[in-house]
Amino acid sequence: NGTMCIELKDVKEPNKEIAADSARDSMKEANKENSKGLFSRVADKLVDSLTGNSENLINQAMEMIGVRYRWGGELAQSGLDASAFVSYVFNDKLSFLLPRKASQISRVGKPVTRDELQPGDLVFFNTMRLTFSHVGIYVGDNKFLHSPAKNASVRVDDMREVYWDKRFDGARRLDGSDSFSDEERNALMKEFKALKKSTRNL
């Protein structure tokens, strides 16, 4: 006939716990999606631009012929190195973010063979005894546009030339995909934010 008493203050409300867990999961998922969206958020726009307007992209990129090479340069006005030139073109013309280093850019998009190359694809070369150490934009007819080296400027070169032919490392077509881990994407996002902040203060 005894009565059982329960201290209600020690009992957690299940609905609130479930809601809190759900909110945390949603936030984690949102952060994950934002991270993944670093390179894929404009994938459709990029693919449409390259397939339908590659000629326009190349023509606009060609306008940068003559911009001088500058190691570590970020702005066209002061000079750009190879990877910065490619990143600048795709960001300026398509609002598409690319990593800063050629080796990192080589992990964005899907690989294509030399025979499959189309204008707007990225071509990579071993110019520093390191794979994927140089990058340029394929413009058609075995030609590519790039910022070659110190004391030079943005120009078009022929991939069939002996120097470039024997150093060719492969090519990528930007389609919104990449092979980065979430941790690597987060690190790259921090780099982008820092770069954006520094250029804003110039």
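**Exercises on a predicted chain**

The model is predicted.

**Exercise 1.** Work out the secondary-structure make-up of the chain and the order of its elements.

*Solution.* Step 1: count the elements; there are six helices and eight strands. Step 2: read from the N terminus, which gives α-α-β-β-α-α-β-β-β-β-β-α-β-α.

**Exercise 2.** Decide whether Asp-157 is buried or exposed, and describe its surroundings.

*Solution.* Step 2: apply the cut-off. Buried means under 20% relative accessible area. Asp-157 has 10% relative accessibility, so it counts as buried. Step 3: look for polar partners; the side chains of Asp-157 and Arg-155 form a polar contact at 2.9 Å. Step 4: list the contacts, leaving out residues up to four places away in sequence. Asp-157 then touches Asn-142, Lys-143, Phe-144, His-146 and Trp-164.

**Exercise 3.** Describe the largest nonpolar core and find which element gives the most to it.

*Solution.* Step 1: the core has 26 residues, and those touching the most other members are Phe-85, Val-86, Phe-90, Leu-98, Leu-122 and Ile-137. Step 2: at least two residues each come from α2 (43-62), α3 (82-94), α4 (102-105), β4 (122-125) and β5 (134-140). Step 3: α3 gives the most, with six residues. Step 4: check for another core; a second, separate one has nine residues, including Val-112, Val-123, Phe-125 and Tyr-138.

**Exercise 4.** State what percentage of the residues in the chain is buried.

*Solution.* The chain has 202 residues, and buried residues make up 39% of them.

Notes. Residues numbered from 1 in each chain as written. Predicted model: local features only at pLDDT ≥ 70, side-chain atom pairs only at ≥ 80, totals over all residues. Heavy atoms only, no water. Buried < 20%, exposed > 50% of the residue type's maximum accessible area, 1.4 Å probe, protein only. Polar contact = N/O pair within 3.5 Å; in protein donor to acceptor, adjacent residues only side chain to side chain. Contact = heavy atoms within 4.5 Å. Core = buried A, V, L, I, M, F, W, Y, C linked by side-chain atoms within 4.5 Å. Helix = DSSP H or I, 4+ residues; strand = E, 2+ residues; numbered from the N terminus.
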